[in-house]
Amino acid sequence: MFSHGLDLADVMVSSNLLHNAWSAICKASNNQDLPFQVSELGPNGKIIAFAPSPACTVQLLQEMGIDLVPASPVGTFFDFIATKVNPRFSINKAAVEAFASLYDQLSVLQDQIDISKQLLITGNSIGGSIASLFTLWLLDTVYSKPFKRPICITFGSPLLGDINFQKAISERSSWPSCFLHVVSNHDPIPKLFIPLYKPFGSFLFCSESGCAHFDQPESVFELMVAMRSENVGNIDLTNTQINYGEVLERLKENAICVGISKMGDSAVNPLRVGLTLQLEAIGVIKTQQQNNDTKTLIEKLEKRQENILKRKRNIVDPKRKLNDIKISMAFLEWYKKVTVNQGGYYDGYKHADTKDEKMSKAEIVRHQIILTQYWKHKVEEADQMPQKEAVSFRTSWLYAGTNYRRMVEPLDIADYYMRGKRDYINSERSEKFKHYKLMEKWFNDDKKTPSQTSYPNEREKASLTEDSCFWAHVEEAVISFGVLKNGESSQANKNLIEFEDYVMGLIRNCSVSPEIFLAKSTFMKWWKEYKEYKEGITGISYNSSLAKFMRDERDGYI
């Protein structure tokens, strides 16, 4: 089970994909006119191979070395990689300069890419760095929708950027899996920039003993540190070319056959056995020869893998979780129906007095908590994503999330005003319930798409009031009316006129639920007292737009 990295590595080297990639690099290196070459990949695919001349590679690495370029001076090439969580990152200066020198040619190449066909991008050494940057660029432009993705395979490529660069890429769940970096234990180039640079994507480590696949960035980093030559600072860059074609042929011909029976006492721990086999395969340790450093490395890798497995076990089955959410929403729908005689959903919750009403409310509170925990997590997850990925991610659940917001936020508003507080929208909603604000913003952004727009004459009356803060506006109107009756009339009167206009706007758009007109609702109680007050002051019938609607059209709306 835990030698999966060995099994996957064997599958990789036994397939033709790595051999095709290396062959394309060899052909490109023979073409002195262009530092890259496009060729066919079977009947329905393309290979783009980057192979700068050895002299060019050495010059770039010698002149620019370990220097990093902050994201901002990189310009518009790679600023898309920045995210809300990782807004600043740095990339290897040599790689950026090499990419920039090819920008015009790559722009033409980009326009010619057919996303319906498989695309393999590959490169050796600094050519691998250019291949990786080109792939990232395509992922943001040509392959912005998560359907087909290009594959990038590099051989002996130096690491590209700092830890923020690594983290920003890892935030896109589908990006790291597009990259496979093949590294020989005799190749010093991939380890040149350790520890300042960090890896991303998956790695196939190779040695005379075999090969193993790793895809956890932290584990890859520790392995590269362990594999790094002690005299890495004195490497002669003019004499570091590794023939990865020979490496692949040797690995393809020789199957890895390591007997677990030879592992001695460690065989009682299958995870440790698997990790030890992988480290032996890539030449980090010799069979039966472990010193304190390698034992420490194995313990670190073992602990990290155990934590990953533990997190996976703790993840709730999404289908089961979604079913729980549907059940909780069904309970709220039921509660909405049974509270009609109490003035509706909002007032039934706010004024639960009898024993049965309180028991029903307690059950609703339980489901309210389940729903809020689920949707808060969803919103936080989407908010931390890069913008393009977040839009795609939240589109699948925004409609359901909007129903949740319109159903549950009124209950939070009821709780808030029951505690004698005021100004929910600018206080509690901005502090404790930020997920409601984000969901509302995303919904409104989505409505701006022409196909999503609904016009008033095409609308049906809303079963749920579309503004989930409607009852907060009602409560503020009740407060303003109290102030008005106490003689502090100027601002309170203005607030009440604005509230009437707000309600009429909802009514004209058919976006308020008929439930608000139930006789015992807070809205109707406010309206009855407010109308009587207005008519008592003037001695004539109150004749605002809302008053006309309530008198002449309300029954038709209900």
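1. Two rings of Phe, Tyr or Trp (for Trp, the six-membered ring) count as a pair here if their centres lie within 6.5 Å. By that rule, this predicted model has 50 aromatic pairs.

2. Take Tyr103 and Trp137 as one of them: the ring centres are 5.4 Å apart and the planes sit at 50°, so we call this pair tilted. Tyr103 belongs to helix H6 (residues 103-111) and Trp137 to helix H7 (residues 126-140), so the pair ties together parts that are 34 residues apart in sequence.

3. Now look at Phe470 and Trp471, an edge-to-face pair with 5.1 Å from centre to centre and 80° between the planes. Phe470 is buried, at 0% relative accessibility, and Trp471 is buried too, at 6%.

4. Phe470 turns up again in the largest nonpolar core, which has 61 residues; Phe470 is among the members that touch the most others, along with Trp397, Tyr424, Ile507, Phe517, Phe523 and Trp526. Helix H17 (residues 398-418) gives the most to this core, nine residues in total.

5. Leaving aside residues up to four places away in sequence, Trp397 touches Trp375, Lys378, Val379, Ala382, Met439 and Trp442.

6. There's also a second, separate core of 40 residues, including Val96, Leu109, Trp175 and Cys178. Trp175 has a charge over its ring as well: the charged end of Arg172 sits there, 4.5 Å from the ring centre. Arg406 does likewise with Phe443, its charged end sitting over the ring at 5.0 Å from the centre.

Terms used
Residues are numbered from 1 along each chain as its sequence is written. This is a predicted model: local features need pLDDT of at least 70, side-chain atom pairs count only at pLDDT 80 or more; totals for chains, interfaces and linings use all residues. Side-chain values use heavy atoms; hydrogens and water are left out. A nonpolar core is a set of buried Ala, Val, Leu, Ile, Met, Phe, Trp, Tyr and Cys residues joined through side-chain atoms within 4.5 Å. Buried means under 20% relative accessible area, exposed over 50%, partly exposed in between (1.4 Å probe, protein chains only). Helices (H or I, at least four residues) and strands (E, at least two) are DSSP runs, numbered from the N terminus. Contact means heavy atoms within 4.5 Å. Rings of Phe, Tyr and Trp (its six-membered ring) pair if their centres lie within 6.5 Å; planes under 30 degrees apart count as stacked, over 60 as edge-to-face and the rest as tilted. A charge sits over a ring if NZ of Lys or CZ of Arg is within 6 Å of the ring centre and within 35 degrees of the ring normal.
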